[in-house]
Amino acid sequence: MNTEKILNFIDGSYREGVNWFEKRNPCNNAVFAEVAEAGRDEVDAAVAAAKRALRGPWGKMTVHERAAILHRVADGITARFEEFLAAECRDTGKPRSLASHIDIPRGAANFKIFADLVKNVPTESFMLDTPDGAGAVNYALRRPKGVIGVICPWNLPLLLMTWKVGPALACGNTVVVKPSEETPSTAALLGEVMNEAGVPPGVYNVVHGFGPGSAGEFITSHADVNAVTFTGETGTGAAIMRAGAHLIRPVSLELGGKNPALVFADADLDKAIEGTMRSAFANCGQVCLGTERVYVQRPVFEEFLGRLKAGADGLVLGTPDDAAANMGPLVSREHQSKVLSYYAKACELGADVVTGGGVPGMPGDLAEGAWVQPTIWAGLDDDSAIMREEIFGPCCHVSPFDDEDEVIERANDTDYGLACSIWTENSSRAHRVAGQMDTGLVWVNSWFLRDLRTPFGGSKRSGIGREGGVHSLEFYTELSNVCVKL
Ligand code: NAD
Ligand code: 6OD
């Protein structure tokens, strides 16, 4: 079989590992690449290179020099847009129309935004009176934290990886990245862009592999990794906290969600349907911010449900190159099994299957792919597993509600606290409800509308910490206070 090889990127060069693992196309489950799994030696080499680069040219550059290089990285991604797009679509199966509007442009923007931000954010300064009358001046310095371990998921691979790597490098750190085993390609390709842009060797390193007993664990348990930033499942976040606890190592965790949408009777239903179609089904429902619980006020419940069903029934499943398709497969057959187990569970629990609930008939070799139908349920209790557990597929449950206090309480009654969407044309209600939601992110009459200067992250079991804007600088730097006696 003629498969491509995807390599680790360590100290500015591509390297093999201790093993090879298969990368399959989610559309037809065919193996198209072998990925070099990094062992402990490769991870040690990557961490050592990252540590050296902190002392070398990267650590000695001015903020402006670093920022200029990061602009070149962003321009390099844009110059090779088609290559990144093809690699991302091949790994994930997502439509080109989606990746070309979200994943790849954000991959570039994440470098520019944070390169510009570090140049413009001041630190604090205080004059202190002293008994001798001469005084003292205090000022804070931002210093890089050091070697940052970046552990990434598979749903928006380049976007979520650069969302961490952009600010980490802008702040003067170096990184050891572990992309998801499902999506190794764009992280590896970015190594070429880093070299072309003049990023010194050792600043950006990529090691491939899995979690426990593999590259993920080797990074998170490494004593020379100074901080770990992670996006992924809540259970994995807990394991990563434990791995660094004895080192008192800072972690930033962006974890799972079970996000509600609240559709009030005074909403503009055209907007609410358009937004909920995206929040439930975009990226085949594999967005941490996605809506899996929809609460609709009773006077518009039937109309909303009918229109959402019509929208879901109108989705066109197809491969990334199918220009008519607006929904791809799930990322893998393994994830398909997980999502289908929830489809079965919903039936066992007596859900009303409004649409979907199974595997679509796909032609030819696509029948082997990780396809599932977009699915809508109604009729389940708020306590059912379908309403409590993150499914991470193209599915949602729609329930009626009667009044504002009731829906706030029901929407907040979850272990998660990542995002919610509120649909109403009454601006007083919008602000009143937004202020009562136990989520790190609240969208009103929108969803996944991003301003990278704003705080991003989850509460409860959806995460620890905030990134975005100055909040990223808080995580990726150590503040040192300098006190000068005059
Ligand atoms: P995952 O937790 O299974 O894997 C994420 C990464 O962690 C992978 O690279 C994996 O190899 C690695 N990993 C697994 N176990 C590890 C361990 N013990 N030590 C170190 N590394 C380990 O998550 P996933 O399935 O790739 O992604 C989907 C999940 O990510 C969903 O729960 C979703 O909600 C969440 N997510 C959250 C956000 C957010 O911003 N909050 C964004 C995207 C995805
Ligand atoms: O937009 C972002 O910066 C971000 N972190 C999005 C996360 C999406 C989750 O799947």
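Which polar side-chain atom lies 2.9 Å from an oxygen atom of ligand 1? A polar side-chain atom of Lys178 does. The model discussed here is predicted.

## Ligand 1

Ligand 1 is surrounded by 31 residues. The closest are Cys152, Glu181, Thr236, Leu255 and Glu390. Two of these names return in the polar pairs below.

At Cys152, a polar backbone atom sits 2.7 Å from an oxygen atom of ligand 1. At Leu255, a polar backbone atom is 2.6 Å from a nitrogen atom of the ligand. Lys178 contributes through its side chain, at 2.9 Å from a ligand oxygen. Taken alone, ligand 1 exposes 850 Å², and the protein buries 91% of that.

## Ligand 2

The shell around ligand 2 holds 13 residues. Arg106, Asn155, Leu160, Cys288 and Arg450 are the closest. By type, the shell divides into nine nonpolar, one polar and three charged residues. Helix α7 gives the most to this shell, with three residues.

For Arg450, the distance to a ligand oxygen is 2.7 Å. For Asn155, an oxygen atom of the ligand is 2.8 Å away. Taken alone, ligand 2 exposes 310 Å², of which the protein buries 99%.

## Helix α3

Helix α3 covers residues 63–79, 17 residues in total. From first C-alpha to last, α3 reaches 24 Å. That is close to the 24 Å expected at 1.5 Å a residue.

Which residues of α3 are buried? They are Arg66, Ala67, Ile69, Leu70, Val73, Ala74, Gly76 and Ile77. An α-helix has 3.6 residues a turn, so residues three or four places apart point the same way. The cover over the buried residues of α3 includes α2 (57–60), α4 (81–92), α6 (103–120), α7 (157–170) and α8 (185–197).

## Thr174 in strand β9

Thr174 belongs to strand β9, residues 174–178. Is Thr174 buried or exposed? Thr174 is buried, because its relative accessible area is 0%, under the 20% cut-off.

The side chain of Thr174 reaches the backbone oxygen of Ala50 at 2.9 Å. Leaving aside residues up to four places away in sequence, Thr174 touches Ala50, Lys51, Ala53, Leu54, Trp58, Gly146, Val147, Ile148, Leu169, Gly202 and Val203.

Glu217 is found in helix α9, residues 215–220. Its relative accessible area is 32%, so Glu217 counts as partly exposed. Beyond residues up to four places away in sequence, Glu217 touches Gly211 and Pro212. The C-alpha atoms of Glu217 and Ile240 are separated by 8.0 Å, with the two residues 23 apart along the chain.

His222 lies in the loop between α9 and β11 (227–231). Its relative accessibility is 14%, so His222 counts as buried. Which side chain joins that of His222 in a polar contact of 2.9 Å? The partner is Asp44. Asp44 is also among the residues that His222 touches, together with Val43, Val47, Leu247 and Arg249, not counting residues up to four places away in sequence.

How values were computed:
Residues are numbered from 1 along each chain as its sequence is written. Chains are lettered from A and ligands numbered from 1 in the order in which they are written. This is a predicted model: local features need pLDDT of at least 70, side-chain atom pairs count only at pLDDT 80 or more; totals for chains, interfaces and linings use all residues. Side-chain values use heavy atoms; hydrogens and water are left out. Helices (H or I, at least four residues) and strands (E, at least two) are DSSP runs, numbered from the N terminus. The expected span of a helix is 1.5 Å times one less than its number of residues. Buried means under 20% relative accessible area, exposed over 50%, partly exposed in between (1.4 Å probe, protein chains only). Contact means heavy atoms within 4.5 Å. A residue is near a molecule or strand if one of its heavy atoms lies within 4 Å of it. A polar contact is a pair of N or O atoms within 3.5 Å; within protein, one must be able to donate a hydrogen and the other to accept it, and residues adjacent in sequence count only if both atoms are side-chain atoms. Accessible areas come from the Shrake-Rupley method with a 1.4 Å probe; for residues, only the protein chains shown count as cover. Ala, Val, Leu, Ile, Met, Phe, Trp, Tyr, Cys and Pro count as nonpolar, Asp, Glu, Lys and Arg as charged, and the others, Gly among them, as polar.
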